[in-house]
Amino acid sequence: MNIIVYIVTDMEGLAGIDRWEQCYDLDDSSANYKYGREQLTADVNAAVAGCFDAGAREVRVMDGHGRNRNRGFIQEKLDRRATSVWLSSHDPTRLEGMDETVDAVAMIGQHPMAGTLHGFLDHTQFPKELCRFLINGQEHGELSQQAVYAGHFGVPVVFASGDEALCEEARRLLPDITTTATKEGTGWETCRLYTPETVRANIRRDIAAALRKTDRPQVWRMALPIEITIEWAWSAWADRFSRIPGVQRLNARTVRWKIGDARDIYSWPSIKWQPLLE
Ligand SMILES: [Zn+2]
């Protein structure tokens, strides 16, 4: 099939993950965190195998879980056919290796947006600080951000794995997407896991099926400028952002700004990066 697939990973929505510490333990040598990295590598390998089953020419894998600092994959266990995308860039808001040469994006282990009922470890960037993230007035999460970023290059998101709530979010946003459910969230920090071996077999099968679909998948290319609104849990965060030129203060906890480039969806207003002036 001669296509290039870009796999971006997260950890909260992986098969086998049912605790916060497995994704976030700050001690690199903790048993929980090592277990988490094993699950990450296993899910990615299932996805990579599915891509090559479908005849992919190249599969780029990017570790998108911030805490991992790009070292989440267990390299010696990672499918050797995968091309690891190393975030060498001085600009962490850019997804390296995502460009016009990519034919399809797949998300592995993604979690639902902040404020999702029964979404396991649901959040948007900041688990305990960010209440709502809106794109042009509509509530969205990290899945949407990545779809917007890929859309900048005309690349569709064709597959996502995560808990049931994430799969529902994905289908709501992108009706053509194929999803594999890994678990069912029962509370913010609790879930009912599906058998990881079964989930991984499903990931492999489903991602291959998604890539083989011949109908034109949906690309989310957004008109510019794009308006970003964030409601923080704490007014102090809104205070901080509202000092940056181009940021509008809507109320005690809410700030808004506009971006003129879809790739700036991850750019937070700062002295170094400033949004469009009205
Ligand atoms: Zn994450």
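This is a predicted model: local features need pLDDT of at least 70, side-chain atom pairs count only at pLDDT 80 or more; totals for chains, interfaces and linings use all residues.
Six strands make up an open sheet, ordered β3-β2-β1-β4-β7-β8, with parallel pairing. Residues are numbered from 1 along each chain as its sequence is written.

Q: What makes β1 and β2 a pair of strands?
A: Strands (E, at least two residues) and helices (H or I, at least four residues) are DSSP runs, numbered from the N terminus. Two strands pair if DSSP finds at least two bridges between them. Strand β1 (residues 4–9) and β2 share six bridges, in the parallel sense. Therefore they count as paired. Within this pairing, Val8 stands opposite Met62 in β2, and Thr9 stands opposite Asp63 in β2.

Q: How do you know that β2 and β3 pair?
A: Two bridges join β2 to strand β3 (residues 83–84), and the strands run parallel. The definition asks for at least two bridges, so the pair qualifies. Arg60 has Thr83 of β3 as its bridge partner.

Q: Why is strand β2 described as mostly covered?
A: A residue is buried if 20 or more other C-beta atoms lie within 10 Å of its own, exposed if 12 or fewer, and partly exposed in between; the C-beta atoms are placed from the backbone. In β2 (residues 58–63), five of the six residues are buried.

Q: Why is Gly151 called buried?
A: Gly151 has 20 C-beta neighbours inside 10 Å. The definition asks for 20 or more, so Gly151 counts as buried. Gly151 lies in helix α3 (residues 142–152).

Q: Which residues is Gly151 in contact with, leaving aside its neighbours within four places in sequence?
A: They are Val219, Trp220, Arg221, Met222 and Ala262. Contact here is a matter of C-beta atoms, placed from the backbone, that lie within 7 Å. Gly151 and Trp220 are 69 residues apart along the chain, yet 4.8 Å separates their C-alpha atoms.

Q: Is Glu142 buried or exposed?
A: Glu142, also in helix α3, has 25 C-beta neighbours inside 10 Å, so it counts as buried. Apart from neighbours within four places in sequence, Glu142 is in contact with Gln110 and Thr124.

Q: Which residues of helix α4 are buried?
A: In α4 (residues 164–173), they are Glu164, Ala165, Leu166, Cys167, Glu169 and Ala170. These buried residues pack against β4 (104–110), α3, β7 (157–162), β8 (178–181) and β9 (183–185).

Q: What describes the packing of α2 and α5?
A: Two packed helices are described by the angle between their axes and the distance between the axes. Helix α2 (residues 31–53) and helix α5 (residues 196–212) pack at about 35°, with axes 7 Å apart. The axes are lines fitted to C-alpha atoms, for helices over the stretch in contact, and angles run from 0 to 180 degrees between N-to-C directions. The contact residues divide into nine nonpolar, one polar and five charged. Here Ala, Val, Leu, Ile, Met, Phe, Trp, Tyr, Cys and Pro count as nonpolar, Asp, Glu, Lys and Arg as charged, and the others, Gly among them, as polar.

Q: Which strands does α2 lie across?
A: α2 lies across β1, β2, β4 and β7, running at about 155° to β4.

Q: Why are β6 and β12 at the edges of their sheet?
A: Five strands form this open sheet, in the order β6-β5-β11-β13-β12, with antiparallel pairing. β6 (138–139) and β12 (248–251) each have a single partner strand, so one side of each is left without a neighbour in the sheet. Asn251 has Thr254 of β13 as its bridge partner. Helix α6 (residues 235–242) lies across β11 (226–232), β12 and β13, at about 35° to β13.

Q: What are the bounds of domain 1 and domain 2?
A: The domain assignment gives domain 1 (4–125 + 141–212) and domain 2 (226–266). Such bounds come from an automatic or database domain assignment. Taken over C-alpha atoms, the centres of the two domains are 27 Å apart. Seven residues of domain 1 are in contact with four residues of domain 2. The side of domain 1 that touches domain 2 has two nonpolar, four polar and one charged residues.

Definitions and conventions:
Two residues are in contact if their C-beta atoms, placed from the backbone, lie within 7 Å.
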